[in-house]
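Student: I would like to learn how to read a structure one feature at a time. Could we start with a turn and move on to the helices?

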Amino acid sequence: MTDAEIKIGYTFKNKKLLENALAHSSYANEMHTSNNERLEFLGDSVLGIIISEYLFKRANHVNEGSLSRLRATLVCEASLAEVAKKISLPDIILLGKGEERTGGRKRPSVVSDAFEAVLGAIYLDSNLDTARKWVLKIMSERIELALSGGLYSDYKTKLQEVVQSDGKSTVTYTTIGDLQTQSPNRFTVQVEINGKPKATASGSGKKEAEQRAAKALLEKMGK
């Protein structure tokens, strides 16, 4: 069992799946190999069905809207990055030299993507039941916090609810700057209500920037 497998808590039959899951695009470009983006795509879907199924069975008194909010809180970038720390995943991600220098190992978007890629790899290496057990074991504390209302909010969902309460207003997010001059993969996002700019925020990924912009606007609105 490799050090990476010990940290993850799963022994792979196909070791190449694990290496692929840990390979960030920056590393893959330098080493001329495959990156983890396809596995991330798969893992995202597997995670969605696992968390959706669990919440559906566990919170049988909760309506569809609340279930969606609970799921969004659990599977968002920031949440998965925190869960990934539990298994020391940031320590074993394979990064290119440039990404390493600019702090990619601590970047939530990088870490959360790797978590989904590892899940996708576990699913392919085994089956849905094994993947389910792995996810629910690692995320058990976070799931309980979410069910008890103890996790942070999904600010985009909250803003959507507040703004659309009148049935007329719309919320949109526009990427207004890719801050390559500061560090790779940083974005500035502007949140707009009915096409009018209301708040701006930056983040290490587009999703994070959108969440921060939504939070900033909610704070302005006193919500």
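**Reading the features**

Tutor: The model is a predicted one. Strands β2 and β3 form a hairpin with two residues between them, and Asn194 in that turn has a positive phi of about 55°.

Student: In what sense do strand β2 and strand β3 pair, and over how many bridges?

Tutor: Strand β2 covers residues 187-193 and strand β3 covers residues 196-203; the pairing is antiparallel, over seven bridges.

Student: How should I read the phi of Asn194?

Tutor: Most residues other than glycine have a negative phi. Asn194 is a residue other than glycine, yet its phi is positive, near 55°. Asn194 lies in the loop between β2 and β3, and with 45% relative accessibility it counts as partly exposed.

Student: Where is His32, and what is its phi?

Tutor: His32 sits in the loop between α3 (25-31) and α4. Its phi is positive, about 55°, although His32 is not a glycine. His32 is exposed, because its relative accessible area is 72% and the cut-off for exposed is over 50%.

Student: Now the helices. What span should helix α13 have, and what span does it have?

Tutor: Helix α13 runs over residues 206-220, and at 1.5 Å a residue its 15 residues should span 21 Å. The C-alpha atoms at its ends are 21 Å apart, so the two values agree.

Student: Which residues of α13 are buried?

Tutor: An α-helix has 3.6 residues a turn, so residues three or four places apart point the same way. In α13 the buried residues are Glu208, Ala209, Glu210, Gln211, Ala213, Ala214, Leu217 and Leu218. After α13 comes Gly222, with a positive phi near 75°.

Student: How does the span of α9 compare with the expected value?

Tutor: Helix α9 has 18 residues and reaches 25 Å from its first C-alpha to its last, close to the 26 Å expected at 1.5 Å a residue. Of those 18 residues, 14 are buried, so α9 is largely enclosed by the rest of the structure.

Student: Is Ser112 buried or exposed, and what does it touch?

Tutor: Ser112 belongs to helix α9 and is buried, with a relative accessible area of 4%. Not counting residues up to four places away in sequence, Ser112 touches Glu77, Leu80 and Ala81. Sequence separation and distance in space can be read together here: Ser112 and Val83 are 29 residues apart in sequence, and their C-alpha atoms are 8.5 Å apart.

Student: What about Tyr123: where is it, and what is it in contact with?

Tutor: Tyr123 is also found in helix α9, which covers residues 108-125. It is partly exposed, at 31% relative accessible area. With neighbours within four places in sequence left aside, Tyr123 is in contact with Leu42, Val46, Leu128 and Ala131. Lys223 is 100 residues from Tyr123 along the chain, and their C-alpha atoms are separated by 40 Å.

Student: Is Glu40 buried or exposed?

Tutor: Glu40 is in helix α4, residues 37-58. At 18% relative accessibility Glu40 counts as buried, because the cut-off is under 20%. Leaving aside neighbours within four places in sequence, its contacts are Asp113, Glu116 and Ala117.

Student: How do I read the packing of two helices? At what angle do α4 and α10 cross?

Tutor: Look at the axes, then at the residues between them. The axes of α4 and helix α10 (residues 128-138) come within 10 Å and cross at roughly 70°. An angle of 65 to 115 degrees counts as roughly perpendicular, and α4 and α10 are therefore roughly perpendicular to each other. On the α4 side the contact is made by Val46, Leu47, Ile49, Ile50, Ile51, Glu53 and Tyr54, and on the α10 side by Leu128, Ala131, Arg132, Val135 and Leu136. By class, these are ten nonpolar, no polar and two charged residues.

Student: At what angle do α5 and α6 pack, and which residues meet?

Tutor: Helix α5 (residues 64-75) and helix α6 (residues 77-86) pack at about 50°, with axes 5 Å apart. They are therefore oblique to each other. Thr73, Leu74 and Val75 of α5 meet Glu77, Ser79 and Leu80 of α6. This contact has three nonpolar, two polar and one charged residues.

Terms used: Residues are numbered from 1 along each chain as its sequence is written. This is a predicted model: local features need pLDDT of at least 70, side-chain atom pairs count only at pLDDT 80 or more; totals for chains, interfaces and linings use all residues. Side-chain values use heavy atoms; hydrogens and water are left out. Two strands pair if DSSP finds at least two bridges between them. Helices (H or I, at least four residues) and strands (E, at least two) are DSSP runs, numbered from the N terminus. The expected span of a helix is 1.5 Å times one less than its number of residues. Buried means under 20% relative accessible area, exposed over 50%, partly exposed in between (1.4 Å probe, protein chains only). Axes are lines fitted to C-alpha atoms, for helices over the stretch in contact, and angles run from 0 to 180 degrees between N-to-C directions. Angles under 35 degrees count as roughly parallel, over 145 as roughly antiparallel, 65 to 115 as roughly perpendicular and the rest as oblique. Contact means heavy atoms within 4.5 Å. Ala, Val, Leu, Ile, Met, Phe, Trp, Tyr, Cys and Pro count as nonpolar, Asp, Glu, Lys and Arg as charged, and the others, Gly among them, as polar.
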